Amino acid sequence: MDAQKTDNHDKGRTILPLIVLFAVLWTVVVAASLAWNTHKAEEEVMNLARKEALAMYNKDMGFRLWGTRHGGVYVPISEHTPPSPYLAHIPERDIETPSGKKLTLMNPAYMVRQLMDNYNELYGTRGHITGLVLLRPENAPDTWETKALKSFIDDGVKEANELTEIDGEPFLRLMRPMIMTKGCEKCHGHLGFREGDIRGGVSVAIPMKSYLQHQAAQEQVLYATHGSVWLIGLFLIGFGGRKIHTGLQETLNAEQEVRKLNRDLEQRVAERTKELKEKEERLRMTVENAADGIIVIDENGIIDTFNESAQHIFGYSPNEVIGEDIALLMPDDDGKKHDNYVSTLLRTGRSTVLGVGREVTAKRKNGDLFPLHLAVSQTHMEDRILFSAICRDLTHEKKIAQELLQAKKEAEQANHAKSEFLSSMSHELRTPLNSIIGFSQLLNLGNNDPLSASQSEKVKQIHNAGQHLLSLINDILDLSRIETQGFSLSLEPIDVKKAVQDCLVLITPQAQKRKIRICDNITTKDLPLAFADFVRFKQVLMNLLSNALKYNVKGGQVTLSAEINGPYIKLSIADTGAGIAQSQLDQVFLPFNRLGHENGDIEGTGIGLSITKKLIETMNGQISVESILNQGSVFRIEIPVCISIEDSENGIQVLPILPAGSWRILYIDDNENNCSLLNDTFSHYDTVEFISVQTGEEGINLAYEELPDIILMDLNLPGMDGFSSLHVLKNDDATCDIPVIALSANRAKNQKQLALQAGFQSYIAKPFDIDNLLTTIATILSRQIRP
């Protein structure tokens, strides 16, 4: 043992000189790098200062050249710029403008000197124009400038620069010679200088304090970084030597390290075991405290787990059911079928209920049967197969659903009764109104016994009141029909411009009577066909145009314009009327709300805009309003554009428009040609995502995953047919509200009735008409977006 220690000590001594040698070499390299970088930093600072000095010099010379080319500049005489006594030899040094304003000549030197003085005040940069022969004594050179000027004249030097001090502060001084030009002779020719002579120089002094501070900061960084790198290098050299030395000891320490690792491993195993037990306990608590009932059975149908919620649902305690057959919780008939179902599942691996929520009938401990929502999943645990069921008692939900259904039925009956009442009221009121309006017209037309002016005015008021009441009755009936869907629409391609032209023919006389100008920017525009009901669309336009006239000012204007907005044609009707307050805009389309005009002179029922909104939305369009009080209102309607496709056999075909929005459509049919046909059809709709599958089982699984907005289903499917697939979809909360359209080639008389009774939203016989199918889909989708 002692011999091994001595050998290790000798190896350490052998390594020590090498470590010292590497440390010395490293120190030399770092010192050389520091010296070179410090020198480069000084050069960089001086180069930057010199560039600034040259920029100042070039600026001064450029300004002076400009003044020289112009022979000087005349400026107003002021305290700051008095006449130069050194230009007194120039006859026109001082002049007076025709208006009497006195001006004095500033030669280039005078201008540059003032510019230099301003720069000195603002930025501390100094400039000086000087020479050995002076026009102005104040321009006499200092010692450095004198030395530089002599070097220009005697030695032909082109530039002098040096880092010196001025008033105790460091400055970089730069000076270049000033050569006489033709333009300089005007002011300096009398001193004996001629073109091409060196008559002086221009010097610039750049304050170096900030540059030197920057240089000092750089040097500090260089010293700090090089010092850090040097120390790190020394540390690594020492560390490397230490590692080599330490490596000699690793063999002796290996056994001790292994023992330590074993202890750590045993500790981690113990901690992991504790964590698994805690997770198992948390899982058990989660199952026990879950809001839904959780039941776990094995492949033989024997109950393994029965949580607290399941106890409340079925009335059994865990001791009563664990170890018993699951058939205990089912009606007798279902219990007998369950074992066969499980054995088939285990044999074939095929199931239509795993992972799918559905409604079943269950049995409580007291024998009562009740509706239960059940979702079953399969789990493999070592050599066992377990089935987990999550169940929820639907008794209360069914009761609420029944109450809602009854309330809906009562509401529909009340709505029907209202419509019957309105229809009856309309008939009863129209009969006397016919007499009132007719006889008032006859009285005004009576030639044998003419009325007096007073009587004629009163009869006219009776006639107008009768017409107003008749209009109110018609509007109320229209509103009632729209609300109860008691009217039909003929959606087809329509010419928007033709509809506008027809309306303008009817509305123009009213506009002329009130001297209101109508600006039509629609009928001259190239617009595509829209998809709407032509008559109802004109009704919408007439309502909006009538309002634009009624609520306009006399001599005002109504402007009609149109534009293409994506898949819509947007029409705007703007007026110059009184406008609507912002606080009232959300009430514009409410029925019987005239927004404060009830007691005014303008007649109206307050129903027109409500009817307009419902009509435009029924035609899959939109309406909006903007208004500024005392400036006018703009009503905008958007109506779908027709989708046109080119057919090689039939030419250009027009497809119906689907309601605004993004739609997902699922088609279940085993006929590939039908799937291809509909896929091509819906490819013309940018807002439709079309998915097709070939079996009812695939369709059900995809419906759970994708939640389509509508499902098209063939009734004659392989495996699970259309009726069975619909039953599964309608008995699950996730899919029960998805509308399903039945498609079938079965022409039996009662097939349609059976499909509708089963819960299909609509029935379309094959071969189906594309227009009819798309219109049916559009109608069903439009109901889904209504508030």
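**Entry 1: helix α11**

I began with what covers the buried residues of α11, and the list includes β13 (492–494), β14 (517–520), β15 (530–532), α12 (534–550), β16 (557–565) and β17 (568–575). I note at the outset that this is a predicted model.

I then looked up which residues of α11 are buried, and found Val496, Ala499, Val500, Cys503, Leu504, Ile507 and Ala511. The helix covers residues 496–513, which makes 18 residues. From its first C-alpha to its last α11 reaches 26 Å, close to the 26 Å expected at 1.5 Å a residue.

Where does α11 bend? I found a bend of about 40 degrees at Ile507, with a proline, Pro509, following within four residues. Ile507 is also on the list of buried residues.

I checked both ends of the helix. At the start of α11, the backbone nitrogen of Lys497 has a side-chain oxygen of Asp495 within 3.0 Å. Just after α11 comes Lys515, with a positive phi of about 55 degrees. I noted that Lys515 is a residue other than glycine and that it sits in the loop between α11 and β14.

**Entry 2: helix α12**

I turned to α12, one of the elements covering the buried residues of α11. I read off 17 residues for α12, and a reach of 24 Å from first C-alpha to last, close to the 24 Å expected at 1.5 Å a residue. Its buried residues are Arg536, Phe537, Gln539, Val540, Leu541, Met542, Leu544, Leu545, Asn547, Ala548 and Leu549. At the start of α12, I found a side-chain oxygen of Asp533 within 3.0 Å of the backbone nitrogen of Val535.

Next I looked at strand β3 (residues 102–106). Four of its five residues are buried, so I wrote β3 down as largely enclosed by the rest of the structure.

I traced its pairing with two strands. Strand β1 (residues 73–76) runs antiparallel to β3 and is joined to it by four bridges.

How many residues lie between the strands in the hairpin of β2 and β3? I found five, and among the hairpin residues Gly100 takes a positive phi near 95 degrees.

**Entry 3: a sheet of five strands**

I followed an open sheet of five strands and wrote its order as β9-β8-β12-β11-β10, with antiparallel pairing. At its edges are β9 (303–306) and β10 (358–363), each of which pairs on one side only. From one strand to the next, the twist averages 35 degrees.

For a closer look I took strand β8 (residues 293–298), which pairs with β9 in the antiparallel sense over three bridges. Opposite Ile303 in β9 stands Ile297.

**Entry 4: Met208**

I found Met208 in the loop between β7 (198–207) and α5 (209–289). Its relative accessibility is 0%, so Met208 counts as buried. Which residues does Met208 touch, not counting those up to four places away in sequence? I listed Val45, Met46, Ala49, Leu163, Pro170, Phe171 and Leu172. I also checked Arg173, which is 35 residues from Met208 in sequence and 9.8 Å from it in space, C-alpha to C-alpha.

I placed Thr735 in the loop between α16 (722–730) and β25 (740–744). At 1% relative accessibility, Thr735 counts as buried. A polar atom of its side chain lies 2.7 Å from the backbone oxygen of Leu729. Leaving aside neighbours within four places in sequence, Thr735 is in contact with Ala703, Tyr704, Leu707 and Leu729.

I followed up Leu707, which lies in the loop between α15 (696–706) and β24 (710–714). Its phi is near 50 degrees, a positive value in a residue other than glycine. With a relative accessible area of 43%, Leu707 is partly exposed.

**Entry 5: a cis peptide bond**

Last, I looked at the peptide bond from Lys766 to Pro767, which is cis, with omega near -5 degrees. I located Pro767 in the loop between β26 (762–765) and α18 (770–784).

Terms used: Residues numbered from 1 in each chain as written. Predicted model: local features only at pLDDT ≥ 70, side-chain atom pairs only at ≥ 80, totals over all residues. Heavy atoms only, no water. Expected span 1.5 Å × (residues − 1). Bend = angle between axes of the 7 residues up to and from the residue. Buried < 20%, exposed > 50% of the residue type's maximum accessible area, 1.4 Å probe, protein only. Contact = heavy atoms within 4.5 Å. Polar contact = N/O pair within 3.5 Å; in protein donor to acceptor, adjacent residues only side chain to side chain. Pairing = 2+ DSSP bridges. Axes fitted to C-alpha atoms, helices over the stretch in contact; angles between N-to-C directions.
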